[in-house]
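Work through the following exercises with the structure open beside you, and try each task before reading its solution.

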Amino acid sequence: MTSFSYPDGKYILSESSITVLSGANALLHLQKLITSKVEDSDLYRTHDSLFCHANGRIIDYLKIYNFGEKILITNNNKNGNSIRKLIQTGIPWNEEMTITNGDNGICHYRLIGNIIDTILKQCGINKESIVNNKFTEYGNMILTISSGKNYQILDILIPSDEEDKVLKIFKNNNIKNMEASEWDKIRINLGIVDYFDIENSIPFEVNMEHLVKLDKGCYPGQEIHARIESRGKINKKLVKITTNLPLKKSKYSILRGGKIVIKSSFEQNENNVHLGVIPIKYIEDSIIITKDDIKFEIQQI
Amino acid sequence: MGLLDGAGFSLPVFNEIEIIDVKINVTDSARNAMKLSMNNDDDTHVLIISAESGGCSGYLYDMKITEDPKDDTFQRIDVDGVSILIHNKDSALLNGIELDYKDTLMGGGFQIKNPSADRECGCGQSFG
């Protein structure tokens, strides 16, 4: 029995770092540092992408908002300054580019639940304008929808000195704030991957292959990604796991060989849910038994 | 006032740049190739060696023969009458490089060896 049900509406203040780039070639410059192709991006488009180390492992997940003359980037706040430094260091001597720290200037709220459609109707926003990697402006807010096969998240960026406006919308619709632990419960149950699930992993092993474009030219980590891809050496996958025991974030040896690495966990009565990486050879199995005789129920995400 | 112009934004990010007095080594074959490439324009033109984002290892080398920018943010190194310029912002990344020239059909041309690089891409154009 699972004790999870999709929420009507819950919000969280996301731990995002905000950076704004301006300059004629800002998008092209950024593209040299990330895994995906953005140079042909249209106005009011969003792009998800990754910063990687030269060893191919993920430094951070970013979302790019294309405002034309300016580009806004959200990424994990743990990496805000290091990512800004990374972007600045490689600016060519003959290019004008400005990098601005918006960490204290913009708040990033995430709203999940059935109420999203109601909120959009109240604001007079056509949902079509903010799905499929598009965003729209509503006053000084920026709205976009991130979605998966069983969820929708409304991402809201708003100037910090105006956040009472979005909080008022939440209050008027009886949408409650959620603590990080409740967000973990929701996202793990729905298979929503967070920064901590993918940090320092190879993109292919944590279901991020859709963000890696090997035909767009070099970027840090590209040589490793190309080698893995061309040799068919993708041998791990991120999955949702259910166990009847609570588990620590750790490695667990599988009876038939290999290891399961638990990345995120939420204790939920007898149905503890986790996101973890398993050897791809077990991907079609519904149950994996470990050497400690723990039964892992596997569900692809 | 729009989202990107509100209060709370900091001034543009400024990470202090380490400036080093650059020393480079130019092999005889690179000296000869540079002279040829300058095409007797070495009075008015210079060779700029720079580093920018890109490549598999994080940074890419770039070399350009261009009109002398006469800009004191560059360091100037004279090699047999040819001026090589390196921008102060790239000085820490490019100090100590060896500029070589290989006269081969496959993989030939100017090449840079960088003892300060922790890693280099297989193609030799990227370092980090």
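The exercises below concern a predicted model, and they treat two meeting places in turn.

**Exercise 1.** Describe how domain 1 of chain A and domain 2 of chain A are placed and how they touch.

*Solution.* Begin with the bounds: the domain assignment places residues 10-190 of chain A in domain 1 and residues 195-300 in domain 2. Next, take the centres of the two domains over their C-alpha atoms, which lie 25 Å apart. Then turn to the contacts, where 29 residues of domain 1 of chain A meet 30 residues of domain 2 of chain A. Finally, consider the area: the two domains of chain A bury about 2,400 Å² between them, and 58% of this lies on carbon and sulfur atoms. On the side of domain 1, the residues that lose the most area to domain 2 are A:Thr35, A:Ile58 and A:Ile188, which together make up 25% of what that side buries.

**Exercise 2.** Find which polar links join the two domains of chain A, and which elements of domain 1 take part.

*Solution.* Start with the charged pairs, for which the count between domain 1 and domain 2 of chain A is two salt bridges. A:Arg187 forms a salt bridge with A:Asp197, with 2.9 Å between the closest N and O atoms. Now look at the elements: β3 (46-52), β4 (58-66) and α5 (180-190) of chain A each give two or more residues to the side of domain 1 that touches domain 2. The largest share, five residues, comes from α5(A). Sorted by class, this side of domain 1 has nine nonpolar, 11 polar and nine charged residues.

**Exercise 3.** Describe the interface of chain B and chain A, from its contacts and area to its salt bridge.

*Solution.* First, 31 residues of chain B are in contact with 38 residues of chain A. The two chains bury about 2,800 Å² between them, 62% of it on carbon and sulfur atoms. Of the area that chain B buries against chain A, 25% is supplied by B:Leu3, B:Leu4 and B:Cys56, more than by any other three residues. Next, the interface holds one salt bridge; A:Lys32 forms a salt bridge with B:Glu52, and the closest N and O atoms are 3.2 Å apart. Four residue pairs in polar contact are also found across the interface of chain B and chain A. On the side of chain B, the elements giving two or more residues are β2 (45-53) and β3 (59-67), and β2(B) provides the largest share, four residues. Lastly, the residues of this side of chain B divide into 14 nonpolar, 12 polar and five charged.

Conventions: Residues are numbered from 1 along each chain as its sequence is written. Chains are lettered from A and ligands numbered from 1 in the order in which they are written. This is a predicted model: local features need pLDDT of at least 70, side-chain atom pairs count only at pLDDT 80 or more; totals for chains, interfaces and linings use all residues. Side-chain values use heavy atoms; hydrogens and water are left out. Domain bounds come from an automatic or database domain assignment. Contact means heavy atoms within 4.5 Å. Buried area is the accessible area (1.4 Å probe) that two parts lose on being put together, summed over both. A salt bridge is a side-chain nitrogen of Lys or Arg within 4 Å of a carboxyl oxygen of Asp or Glu. A polar contact is a pair of N or O atoms within 3.5 Å; within protein, one must be able to donate a hydrogen and the other to accept it, and residues adjacent in sequence count only if both atoms are side-chain atoms. Ala, Val, Leu, Ile, Met, Phe, Trp, Tyr, Cys and Pro count as nonpolar, Asp, Glu, Lys and Arg as charged, and the others, Gly among them, as polar.
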